[in-house]
Amino acid sequence: MTQNIYDDDTFFEGYSRLDRSLEGLVRAPEWPALQAMLPPVTGSSIVDLGCGYGWFCRWARDAGASSVLGIDVSERMLERAQTFDKDRIDPAIRYERADLETLALPHASFDLAYSSLAFHYVENLVTLLRTIHRALVPDGMLVFSVEHPVYMASRHPGWIVDAHGHKTWPLDSYQFEGPRVTNWFTDGVIKQHRTLGTLLNTLIETGFAIAHVDEWGPTDAQIAALPALAEERERPMMLLVAARRESNTPSSHRSTCSRR
């Protein structure tokens with residue numbers, strides 16, 4: 001089972017104070033790049049994997065999606081999503097508590113699967129991607145973001161600042177895939193490091209055609225508006241990927257992928 005760190009009191013309190021938690025997609029600097037990778041959503045059936053507060057669910061519905069299913073393992077995140085939705089009764093948005101490690105979805109039911117910064121918590125990513133592949137209609141899209149493997153790899157992440165104030169991000173243990181234990185709002189947050197090659201090849205081997213990859217960094221305009229973002233150009237923090245479900249190569253016919 002996925003570590004349900006978002007229901008930890010200390011973690012949830014810290015996370016709830018983030019700008020992206022308080023104000024949604026407009027305060028997520030990677031959102032414009034991620035939005036540009038999305039297919040047209042008008043009339044689409046969408047599943048949001050790791051939906052959190054439901055910001056994307058509401059955006060997709062406002063953009064014309066016919067239905068949106070938000071899935072999260074955290075009761076507290078889903079409660080907050082429903083609190084935000086209390087003033088807009090919309091039966092086309094539905095939330096469900098489920099663990100992405102053991103997720104079941106109806107076959108050929110969604111035009112788009114979306115996920116923001118959730119897949120790096122999933123240990124059994126191969127099984128999840130196969131589930132998503134089966135749940136998408138032919139030529140359906142998967143668009144997601146994860147922490148970049150360069151950002152995740154180090155056993156002791158954090159900026160190293162020299163005597164001149166120059167920042168360097170450590171890159172060690174890159175080829176050693178598996179769990180990384182970090183301290184973010186609370187101790188013992190477990191994430192799963194994979195190399196860039198493993199992540200992209202796992203998508204291919206589970207029946208997806210990669211459409212676009214973005215090793216996200218802020219634009220000049222974003223840095224001008226928020227100078228603190230400048231450090232995000234020193235190393236990639238997030239990886240954004242768009243992939244299409246290949247209609248003629250079901251994932252069940254692919255070779256077994258043993259990588260994690």
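**Notebook: a buried glutamate, salt bridges and cores**

I began with Glu30, which is buried at a relative accessible area of 2% (buried is under 20%, exposed over 50%, partly exposed in between, with a 1.4 Å probe and protein chains only). I am reading a predicted model, where local features need pLDDT of at least 70, side-chain atom pairs count only at pLDDT 80 or more, and totals for chains, interfaces and linings use all residues. Residues are numbered from 1 along each chain as its sequence is written, and side-chain values use heavy atoms, leaving out hydrogens and water.

Next I looked up the partner of Glu30: Arg20 forms a salt bridge with Glu30, with the closest N and O atoms 2.8 Å apart (a side-chain nitrogen of Lys or Arg within 4 Å of a carboxyl oxygen of Asp or Glu). Arg20 sits in helix α2 (residues 19–23), and Glu30 in the loop between α2 and α3 (31–36), ten residues apart (helices are DSSP runs of H or I, at least four residues; strands are E, at least two; both are numbered from the N terminus).

I then checked Arg27, which forms a salt bridge with Glu23 at 3.0 Å. Arg27 is partly exposed at 33%, and so is Glu23 at 42%. My count of salt bridges came to nine.

Last, I turned to the largest nonpolar core, which has 29 residues (buried Ala, Val, Leu, Ile, Met, Phe, Trp, Tyr and Cys joined through side-chain atoms within 4.5 Å). Helix α6 gives the most to this core, five residues. I noted that Ile132, leaving aside neighbours within four places in sequence, is in contact with Leu49, Ala113, Phe119, Leu142 and Phe208 (heavy atoms within 4.5 Å).
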